[in-house]
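Please look over the structure below before reading on. The notes after it are grouped by topic.

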Amino acid sequence: MSQTYPSAIPAGTFSYRPDIDGLRGIAVSAVILFHANVTGFRGGFVGVDIFFVISGFLITAISLREWETGRFSVGKFFEKRARRILPALLLVILACVPFALTIPNPLQSRHFFESVLYVLSFSSNFHFWGQTGYFETSAELKPLLHTWSLAVEEQYYVLFPFMFLALVRSRKAAALLILTTGFVVSLALAQTLIQSGHKPAAFFLLPARIWELLAGVFCALAYRGGVNARFPGKAADLLAGAGLILVLVSFPVFNDNTVTPGAHALIPVTGAALIILFSRSGRIVYRILSNKPLVFLGLISFSAYLWHQPIFAFARLFASEPLSAWVMAVLCLLILPLAYVSWRFVEVPFRNRESVSLALSFRTAFAAMAVLVVVSTFGVRTYGFVYFRYAADVAETYETVLRSISYDFEDAMHDNGDCVFSSMDIDAETEDRFARCADRYGPATVVIGDSHGMNIYNVLAKTEAFDFLLGLATHGHQAHKAHTENWYYRHVLPFVERHKENIDKVVYHQTASTFWNRKDDPSTRTAPDALNGSDVEKVAEFMDDLSAYTKTVWLGPYPDFGHDPVKAVFDLPSRKMAQSAKEQLVLLDQAALESAQGRNFIYAKFADLYPMPDSPFFDRCVLFRDSDHLTSCGEKIVAEWIAATETLNALSVKKADAPMGLEAGS
């Protein structure tokens, strides 16, 4: 290997910098306090962005030093990265297993073991990208969520040595052009993904993050090129000070609306870069960052980062209510001794080839990973070891629930390939298919409403009683919303007017909860005065408008289950339909029936179509996939009951009979 300085890399020196460890200490503290929901650290997640800059800088600077002395090799690079990451990571995961086995909800256990397999394959960022967003409440319950950033770095490390060798063997101009192009393209990709509504992809995936690592690469090149020495002391102090301000101001100012790594991330990234380049020994920023507490936090930062999320997540999983500020403070303090122990007795020894040989490192890592793979695979296949933790009947019910709820709601919309179909958009394709079906079968039945309306469309479709059934229900759209934003007044009503000769009737259905005033205390929603009568009236007005063109039926809501079906498996009282939901439905039905009087539509109570049982748990299916939506198999059960008992006549209406609305729905 050549020991001459290649043209892309200027000569220089690099030695240990305690101020960078201090910057690490600030970054890891910000991340921990963010996950602890501490006020003033809404933007603490940018600590990860700072980590990426530091990592890009150190890896490049150290590799340059090794290249110049002829000691760089791809094999040694991967060995160092493995020694740096795997021992502490495997220790933390192994320590989590006993807690994962005793989580009250086995579904959470299964999710944990699924994530372990992704962590071990260095792809947990892809796993969490496909799940709940990083900033959503449920993310707090994922013990290994934070490993997404390790996966990003690991994927970068796979590419780095080959990229590094290509760059150091290139001309300086070519190397800088390649790096600059990569930086700009990655940043542009991140911003484009964020602006186009794909924030999770930008947040979790390497292509949108690599510009932050490349910022560190540029710092390494500039640092070894002597850029620091070219600025007088005061100028360097001002730049380093500005960098520290940019880093610190990000923590209270950023929030989930300024999600990185888009253009907003230039603030902390630039701040970290300025500190790396212009913090000088003996100067004010250097002294601030080199103080012993911060340096100590920086030294144990990797272990602290590994421990914090499992500690917080398991505490939340085992708690029956939100954790208090005092409990979170205790948990934060617990992180420090755990991080010190794993740093002192695991990280440090395994990073030293003289303390722990390569063979011993390999055997230890292989054994730990083998145990985790076996346990995790078994944990996934046994639904979180549920058959070992609970009685057979409970375990079977649990498996039934998981099987019932494991489907994609939108993908499960029924389509018989002919003229029973749904659409969430009245586009040209929908219009064309509707026209063809009208020619073949005559007038259609059209189902509209919100996500509950989507359930009802599926139920009616699965009765197999319709040759021509069109579903135009879509998430979150209710008829009582403002006309300027209302899907039904802007799109559905004109559609019905255009095709009134080819529509037999329209069935409208929406969830009950949208008619109740939202208050801080959910228990107050059962009070009679909590019903929003004006919203009931707005829906009635819309139904009246629709009835000018065709026969219309407002099918009343079905009662909400009111519980999480997975949790209800292990809590017998929760297997019953919520009494409060039934009480609310009585009041709502009465209000809607009164609104239907004297109008040209009917209101049909859902109970006239299907009487909801006291418990939604059946031998091979649970009716509800969450607290208020039907499962696919639940829809089929309701449909089969309707078909067998011939209750579809509850939706029968003649246009001239509309004034009998109260009678028809009573």
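The link between C419 and C437 is left-handed, with -90° about the S-S bond. The pair joins distant parts of the chain, 18 residues apart: C419 sits in the loop between α18 (392-405) and β1 (420-422), and C437 in helix α19 (residues 428-441). The model is predicted, and a search of the whole structure finds 2 disulfides.

**Disulfide C419 to C437**

- The sulfur atoms of C419 and C437 are 2.0 Å apart and form a disulfide.
- A disulfide is a covalent bond between the sulfur atoms of two cysteines.
- C419 and C437 are both buried.

**Disulfide C621 to C633**

- C621 is joined to C633 by a disulfide, with 2.0 Å from S to S.
- C633 belongs to helix α26, while C621 lies in the loop between α25 (606-609) and α26 (632-645), so this bond ties together parts that are 12 residues apart in sequence.
- Which hand does the disulfide of C621 and C633 have? The torsion about its S-S bond is about 85°, so the disulfide is right-handed.
- C621 counts as buried because its relative accessibility is 4%, the cut-off for buried being under 20%.
- C633 has a relative accessible area of 23% and is therefore partly exposed.
- With the bonded cysteines of the chain numbered in sequence order, the pairing reads 1-2, 3-4.

**Other cysteines**

- C332 has a relative accessible area of 19% and so counts as buried.
- C219 also counts as buried, because its relative accessibility is 2%.

**Helix α20**

- Helix α20 covers residues 451-462, which makes 12 residues.
- From its first C-alpha to its last, α20 reaches 17 Å, close to the 16 Å expected at 1.5 Å a residue.
- Is α20 mostly covered or mostly open? The helix is mostly covered, with 12 of its 12 residues buried.
- The N-terminal end of α20 is capped by D450, which has a side-chain oxygen 3.0 Å from the backbone nitrogen of H452.
- Just after α20, E464 has a positive phi of about 60°.

**Nonpolar surface patch**

- A nonpolar patch on the surface is formed by F78, V158, L159 and F162, which together have about 370 Å² of accessible area.
- Which helix gives the most to the patch? Helix α6 (residues 147-168) does, with 3 residues.
- An α-helix has 3.6 residues a turn, so residues three or four places apart point the same way.
- L159 is placed in helix α6 and counts as partly exposed because its relative accessibility is 46%.

**Residue A215**

- A215 is found in helix α9 (residues 206-224).
- The relative accessible area of A215 is 8%, so this residue is buried.
- A215 and G634 are 419 residues apart in sequence, and their C-alpha atoms are 53 Å apart in space.

Key:
Residues numbered from 1 in each chain as written. Predicted model: local features only at pLDDT ≥ 70, side-chain atom pairs only at ≥ 80, totals over all residues. Heavy atoms only, no water. Helix = DSSP H or I, 4+ residues; strand = E, 2+ residues; numbered from the N terminus. Expected span 1.5 Å × (residues − 1). Buried < 20%, exposed > 50% of the residue type's maximum accessible area, 1.4 Å probe, protein only. Polar contact = N/O pair within 3.5 Å; in protein donor to acceptor, adjacent residues only side chain to side chain. Disulfide = S-S within 2.5 Å. Patch = residues over 30% accessible without salt bridge, like charges linked within 9 Å, V, L, I, M, F, W, Y side chains within 5 Å. Areas by Shrake-Rupley, 256 points an atom, 1.4 Å probe, with all protein chains shown as cover. Salt bridge = Lys/Arg side-chain N within 4 Å of Asp/Glu carboxyl O.
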